Amino acid sequence: MPSYTAPTKDIQYVLHDVLNISGSDIPGYSDLEPEFTEAILDAAGQLASEVIAPLNVVGDKEGCTFENGVITTPTGFKEAFEQVKEGGWPGLDLPEEFGGQGLPYLMSTAVGEMFSGANQAFTMYQGLTHGATSAILVHGTDQQKATYLPKMTSCEWTGTMNLTEPHCGTDLGLMRTKAEPQADGSYKISGQKIFISAGDHDMSSNVIHLVLAKIVGGPEGIKGVSLFIVPKFVVDEDGNPGAKNGVSVGSIEEKMGIHGNSTCVMNYDEATGYLLGDMHKGMRAMFTMMNEARLGVGMQGLAQAEAAYQNAVIYAKDRLQGRAVTGVANPDGPADPLIVHPDIRRNLMDQKSFIEGARAFMLWGAQLIDQAHRSEDKDADGLISLMTPVLKGFLTDKGYEATVNAQQVYGGHGYIEEWGMSQFTRDARIAMIYEGANGVQALDLVGRKLAQDGGKHVMAFFEMVKSFCKENGAGDMAEFVNPLKAASKDLQGAGMFFMQNGMKNPNAALSGSYDFMHLFGYVCLGLMWARMAKVSLTALENGTDDPEFHQNKLTTARYYMARQLPMTGTLLKRIESGADPVMTLPADAF
């Protein structure tokens with residue numbers, strides 16, 4: 001069975017050596033001293049490795065069951081969920097007034113990676129609740145906050161997001177779920193939603209659904225969509241679950257992966273609902289959840305890659321196959337371990353350089369969110385808005401690729417279920433699809449985010465890279481800065497192509513949007529690796545007590561710059577080929 005060890009040391013390195021969080025002026029960051037964050041990460045890592053991770057295979061094999069209207073989660077899930085709740089982990093970054101611990105979102109992200117790497121399906125129950133809680137926190141009335149947030153913060157009650165219907169996914173303007181206004185100010189919600197993760201289960205006493213629906217008589221299309229709070233049990237005057245609402249599970253979806261999560265078809269039959277936020281402004285409120293969820297899904301790509309990589313490394317060191325071409329490496333054995341072979345090294349280095357760069361990128365993104373919210377920094381808000389589709393799309397695409405590469409290290413054994421490697425690929429696959437398929441992320445990036453605020457935020461990113469390169473381009477840093485500079489020029493060249501061609505032929509831009517998302521991702525990881533190289537070079541110059549760790553960082557940084565970052569040139573060429581190679585073939589020729 002696969003194992004999982006929480007990567008607490010590397011997370012600490014990013015938090016303190018790279019991001020210098022305790023030296024930040026973001027409110028709440030001065031408390032994040034290394035000893036404090038280490039205690040949090042060690043406790044979370046122990047829970048992830050010893051309690052949550054052993055249930056990953058259990059959840060995959062057992063799945064959830066649905067009998068007589070009741071969903072039962074896999075063996076051990078309820079007990080583990082109680083431990084998560086008792087530790088206060090679901091409310092780590094939520095307001096203290098509702099029972100949370102009030103820590104920065106950054107710390108929730110760091111802990112979330114470990115929990116998700118240990119068991120993605122299990123962690124989704126609290127993750128979706130966090131998103132629903134955030135939406136109520138931002139858009140809810142005082143009464144709604146008082147009613148729902150304390151028990152959702154603790155995960156005594158869990159939450160969901162209900163968008164998709166059988167006939168509409170991305171195009172939510174086509175939805176048919178309706179809301180009938182009632183005399184008491186509530187609404188009767190009727191319709192069907194599908195693909196609802198954690199839609200119902202046996203681990204909480206109530207499930208609070210956030211449901212998109214159209215108020216009868218409202219505007220057509222997306223402009224008529226509103227968001228509603230629809231509890232499984234209507235909350236009584238004492239704040240406890242009361243009468244059963246008109247909400248039921250139609251079935252559990254049969255899925256490729258994340259079997260331990262109860263992905264449901266949800267039926268609403270005149271269920272009592274309460275408007276959340278402004279009427280006909282449901283998408284604005286829902287996107288509070290969606291943006292958080294997209295960052296969380298990007299984190300899932302990273303987390304599954306990390307878990308798969310750990311096991312691939314163990315196998316590559318233990319499995320004896322063939323001899324090293326440069327001479328026998330294991331003279332006392334019948335063969336050398338796999339890890340001596342260049343192709344296995346290439347495979348593992350691809351994974352390692354992605355994972356460690358992606359971790360720095362994700363935690364930097366979380367820091368930007370804290371800067372935007374806690375410091376009310378509009379520039380940080382604009383930058384993370386730009387980065388969100390890159391974080392979601394690039395990290396899940398490359399994270400899935402990493403799980404496939406990890407599986408490949410095992411050869412035929414990777415295809416056999418008893419080794420457990422296929423679960424990582426199956427679980428990681430959904431991250432490329434839900435919370436906005438990655439093609440939609442690319443369209444959002446090119447179609448909306450690049451031009452947002454007159455292109456201010458992408459220009460700020462270019463300036464950030466340019467300034468870093470100018471300030472750090474000499475001496476030992478040159479081998480890291482020069483490739484980053486070249487990659488950034490490729491990214492700017494792609495942006496210029498869109499500016500010159502996108503208005504007269506939108507397909508020219510949109511045909512290259514997916515390549516652009518990846519190009520942007522490569523540059524972001526290049527910037528992260530350059531920053532890490534600077535930190536580790538400085539540490540070695542200053543006589544660090546862990547030179548091996550920093551030497552390994554530099555070696556991995558060199559690999560990324562030499563073997564990964566040059567992909568930007570290929571992606572630019574693809575973008576500059578325009579729309580014709582993509583759009584010329586008639587539809588009936590496919």
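Predicted model: local features only at pLDDT ≥ 70, side-chain atom pairs only at ≥ 80, totals over all residues.
The model is read with local features needing pLDDT of at least 70 and side-chain atom pairs counting only at pLDDT 80 or more, while totals for chains, interfaces and linings use all residues. Residues are numbered from 1 along each chain as its sequence is written, and side-chain values use heavy atoms, with hydrogens and water left out.

## Aromatic contacts

Rings of Phe, Tyr and Trp (its six-membered ring) are paired if their centres lie within 6.5 Å; planes under 30 degrees apart are called stacked, over 60 edge-to-face, and the rest tilted. The count under this rule is 16 aromatic pairs. In one of them, Tyr-315 and Trp-419 are edge-to-face because their ring planes stand at 85°, with the centres 5.4 Å apart. This pair joins distant parts of the chain, 104 residues apart: Tyr-315 belongs to helix H8 (residues 282–318), and Trp-419 to the loop between helix H10 (378–409) and helix H11 (421–429). Helices (H or I, at least four residues) and strands (E, at least two) are DSSP runs numbered from the N terminus.

Burial is judged by relative accessible area: under 20% is buried, over 50% exposed, and in between partly exposed (1.4 Å probe, protein chains only). Tyr-315 therefore counts as buried at 7% relative accessibility, whereas Trp-419, at 32%, counts as partly exposed.

Ring pairs also link Phe-461, Phe-462, Phe-497, Phe-498, Phe-516 and Phe-520 into a cluster.

A charge is taken to sit over a ring if NZ of Lys or CZ of Arg is within 6 Å of the ring centre and within 35 degrees of the ring normal. Arg-429 lies over the face of Tyr-400, at 5.7 Å from the ring centre. Arg-531 is placed over the face of Trp-364, at 5.1 Å from the ring centre.

Grid points are joined across faces, edges and corners, and a volume is the space filled by probe spheres set on the points. The search of the whole structure finds 2 cavities of 30 Å³ or more.

The largest cavity holds about 510 Å³ of space. Of its 31 lining residues, Gly-127, Leu-128, His-130, Gly-296 and Met-299 lie nearest the centre. Helix H5 (105–118), helix H6 (120–139) and H8 are the elements giving two or more residues to this lining.

The residues lining the second largest cavity include Asp-350, Phe-394, Lys-398, Tyr-522 and Gln-564. Two or more lining residues come from each of helix H9 (342–374), H10, helix H16 (513–541) and helix H17 (547–564). The most is given by H10, with 5 residues.

The table sets out volume and lining composition, where Ala, Val, Leu, Ile, Met, Phe, Trp, Tyr, Cys and Pro count as nonpolar, Asp, Glu, Lys and Arg as charged, and the others, Gly among them, as polar.

| Cavity | Volume | Lining residues by class |
|---|---|---|
| Largest cavity | about 510 Å³ | 16 nonpolar, 13 polar, 2 charged |
| Second largest cavity | about 100 Å³ | 6 nonpolar, 3 polar, 3 charged |

## Annotated domains

UniProt positions are given in the numbering used here, feature names are shortened, and annotations may be inferred rather than shown by experiment. An unreviewed UniProt entry lists residues 161–269 as "domain: Acyl-CoA oxidase/dehydrogenase middle". Over residues 161–269 the chain is 0% helix and 48% strand, with the end C-alpha atoms 17 Å apart. For residues 461–586, the unreviewed entry in UniProt gives "domain: Acetyl-CoA dehydrogenase-like C-terminal". Over that range the chain is 81% helix and 0% strand, and the end C-alpha atoms are 39 Å apart.

## Backbone and individual residues

Most residues other than glycine have a negative phi. Phe-195, although not a glycine, has a positive phi of about 60°. Phe-195 is found in strand E5 (residues 187–196) and counts as exposed at 52% relative accessibility. Ile-258, also not a glycine, has a positive phi of about 40°. Ile-258 lies in the loop between strand E10 (247–252) and strand E11 (264–276) and is buried, with a relative accessible area of 3%.

Phe-122 is placed in helix H6 and counts as buried at 0% relative accessibility.

Technical notes. 1 Å grid on protein atoms, 1.4 Å probe; cavity = no way out; pocket = protein on both sides within 12 Å on 5 of 7 lines; lining within 4 Å.
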